[in-house]
Amino acid sequence: MSRQITYLDNNATTQLDPAVVEEMLPFLTEFYGNPSSGYQFAAQVRKAIELARERTAKLLECEPAVQFEPRGKHVVTSAVEHSAVLRPCQELEKRGCEVTFLGVEGNGDVDLAEVEKAIRRDTALVSMMWANNETGVLFPVEKIEKICREKRVLFHTDAVQVAGKIPIRLRDSAINFLSLSAHKFHGPKGVGVLYVNKRSRFRSSIIGGSHENGRRAGTENVASIVGLGKAAERATECLGEEAKRVRAMRDRFEKGILEAVSGVSINGADADRLPNTSNVFFEGIESQAALMLLDRYQICCSAGSACRTGSGEGSHVLRAMRGSDGRGRGSLRFSFGRFNSDADVEKALETIPQVIAKLRRLNSPVTAQTASA
């Protein structure tokens, strides 16, 4: 990565930790055996996969170890989920399953009374994200899990944005299913984790070989799994100190922006949030234009989820929070991470006010009249 780039989009993806790269390389070159084979060469690879499980379990504070056995045809989720959850739910609707999409409060939080009210006798699953990828707003998953447990309904949480940022203690939880992705905590892309509570029934949706103890057919992507395990180990080691340092950078960034630019507010400021995420609304600008100008200064941020880039749609998350697409089209997400520094904050605070001022000048009625004249 060029040293000139100021990367403030860690909720989209993160830089590979050098320790992760080092751990992966032997499994891309020297230890290339199929872990399902019966000889010693393969056993070494199999052992590395088991180590990755143990490291990930330590991060999640659970035991190493979807398609579930549904008891009904109703699913409850929120209107602000990532498209990885929203779109499968929309597909389930097409197949005859009824889905309740719960709205959120103005600060992005979910109303627990609404969650409880939405669960019916035929509800098969509740799926609610732990942390929102755009705003960083944290849902009270421990309380949602308790509601689901009392109602005897399965509960899944998308914890992709949480891993490595705040503690996860599944050993003390009755969460049935939890999913995460390695590239969000300085691991490789294309590999993730599905945690299944040992008390939960589980049936694989990918049928074939008996890999992953019969839970997912297909020869294991060893190097990526090893990388995920190392990333989990590093996340466990760095969790406390890193969260404190990253939060300090995020808070300093927000304070500086609020002082330097008028007509600015933080989306979700009144809710509990991840320590690294800042979603900022700037009056009088279009976020896509701001992204293009910031890119010229080699500042990387986003207008929402990277998975929706190019769709031309405003943020469904901010629409759900505010009831207006205008805020979504004028908001930018800045997300900090392990490899950011105070110098990145300084550059952002120097550049962003200039970019916003320029865009507002270009959008002002006086400028438009001058241009037409």
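**Ground rules**

I number residues from 1 along each chain as its sequence is written. Because the model is predicted, I take local features only at pLDDT of at least 70 and side-chain atom pairs only at pLDDT 80 or more, while totals for chains, interfaces and linings use all residues, and side-chain values rest on heavy atoms, with hydrogens and water left out.

My helices (H or I, at least four residues) and strands (E, at least two) are DSSP runs, numbered from the N terminus. I call two strands paired if DSSP finds at least two bridges between them.

**Entry 1: the six-strand sheet**

I started with the open sheet of six strands, which has mixed pairing. In what order do the strands run? I read β3-β2-β4-β5-β6-β7. At the edges I found β3 (98-102) and β7, each pairing on one side only. The twist averages 15° from one strand to the next; for such angles, axes are lines fitted to C-alpha atoms (for helices over the stretch in contact), and values run from 0 to 180 degrees between N-to-C directions.

Next I checked β2 (residues 74-78) against β4 (residues 123-127): they are parallel, with four bridges. H74 sits opposite T123 of β4.

Is β6 (residues 177-181) mostly covered or mostly open? I found it mostly covered, with five of its five residues buried; buried means under 20% relative accessible area, against over 50% for exposed and in between for partly exposed (1.4 Å probe, protein chains only). F177, S179 and S181 point one way, L178 and L180 the other, and all are buried.

On one pairing, β5 (residues 154-158) joins β6 in the parallel sense through three bridges, and I see T157 opposite L178. The pairing with β7 (residues 192-196) is antiparallel and has five bridges; there S181 has G192 as its bridge partner.

**Entry 2: the three-strand sheet**

I then looked up the open sheet β8-β9-β11, whose pairing is antiparallel. β8 (264-266) and β11 (331-335) each have a single partner strand, so one side of each lacks a neighbour in the sheet. Here the twist averages 25° from one strand to the next. Three bridges link β8 to β9 (residues 277-282), and S265 has F281 of β9 as its bridge partner.

**Entry 3: α3 on α8**

How do α3 (residues 40-60) and α8 (residues 222-260) pack? I get an angle of about 30°, with the axes 8 Å apart. The crossing is left-handed, which is the term if the near helix is turned anticlockwise from the far one by less than a right angle, right-handed being clockwise.

For contact I use heavy atoms within 4.5 Å. On the α3 side I noted residues including V45, A48, I49 and R55, and on the α8 side V222, I225, K230 and E233 are among them. By class I have eleven nonpolar, three polar and four charged residues; Ala, Val, Leu, Ile, Met, Phe, Trp, Tyr, Cys and Pro count as nonpolar, Asp, Glu, Lys and Arg as charged, and the others, Gly among them, as polar.

**Entry 4: α9 on α12**

Last, I checked α9 (residues 287-296) and α12 (residues 342-363), whose axes come within 10 Å and cross at roughly 130°. That angle makes α9 oblique to α12: under 35 degrees is roughly parallel, over 145 roughly antiparallel, 65 to 115 roughly perpendicular, and the rest oblique. The crossing is right-handed.

A289, A290, L293 and L294 of α9 make the contact with T351, I352, V355, K358 and L359 of α12. I list seven nonpolar, one polar and one charged residues there.
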